[in-house]
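Could you walk me through the salt bridges in this model, one selection at a time? I have the viewer open and would like to know what to click on next.

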Amino acid sequence: GGLLKKARELAILCDAQLGVIIFSSSGKMFEFSSPPISMREIIDRYQKLSGNCAPVYDNQQVYCEITRMKNEIDKLQATMRHFAGEDLTSLTMNEMLQLEQQLEISVNKVRSRKEQLLQQQLDNLRRKENMLEEQNRELYRVIQDHHAASMEQKMVDPSMLDHFGVFYQDDHQAARSSMLQLSPQLHPFRLQPAQPNLQDANLLPHDLQL
């Protein structure tokens, strides 16, 4: 309201042709044009003087443009059906040859792209394989180190074995000496027959000695 009031006062004080268009935050439009001209006349005059005239089309020109665009769309749809192998009865021999060449070019491009993707996947798998092999070697090394450390803990110092061996020999010799001292003295003795008829002077007694 205040802006439109100021616009009226400015048009009267300056004796100028003035046009104001205002859009509120809610989207409502307000406009003012100094009488006796309308807002459309002010806009047309502005476009004519500034050179920003909007193009004007007649109905025939618009209809021709729409028809041309529709024909282009129909041709594109027909080409897509031909590439899909449909509606081929309307094609001539030359058109069929051209279509075949275009399809071969398209197939080669598709195969090239597919091989590129397969090569990328193969490279990724090789990198993963190398990483797994490296992790496997590292894990094997850790296991070997752990096993070696366990074996070292179970081993006994050889000097300790020699020390225990000396004590064993001394004890063995002492036990053997004790057994010899405790064993009874063995003396020779004579066996004589108990029967009288065997007591012959010709038969000499046999000395048995243990």
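Here is a short tour of some salt bridges, stop by stop.

Before you start, note that this is a predicted model, in which local features need pLDDT of at least 70, side-chain atom pairs count only at pLDDT 80 or more, and totals for chains, interfaces and linings use all residues. Residues are numbered from 1 along each chain as its sequence is written, and side-chain values use heavy atoms, with hydrogens and water left out.

The structure holds 7 salt bridges (a side-chain nitrogen of Lys or Arg within 4 Å of a carboxyl oxygen of Asp or Glu).

**Stop one.** Select Arg 81 and Asp 87: they form a salt bridge, with 3.9 Å between the closest N and O atoms. Arg 81 is partly exposed at 33% relative accessible area (partly exposed lies between buried, under 20%, and exposed, over 50%, using a 1.4 Å probe and protein chains only). Asp 87 is partly exposed too, at 38%.

**Stop two.** Move to helix 4, residues 93-154 (helices are DSSP runs of H or I, at least four residues, numbered from the N terminus). Select Arg 141 and Glu 138, whose side chains meet in a salt bridge at 2.5 Å, N to O. The two sit 3 residues apart in this helix, about one turn. Arg 141 has a relative accessible area of 42%, and Glu 138 has 37%.

**Stop three.** Asp 145 is partly exposed, at 43%.

Finally, show Glu 138, Arg 141 and Asp 145 together: they are linked in a network of salt bridges.
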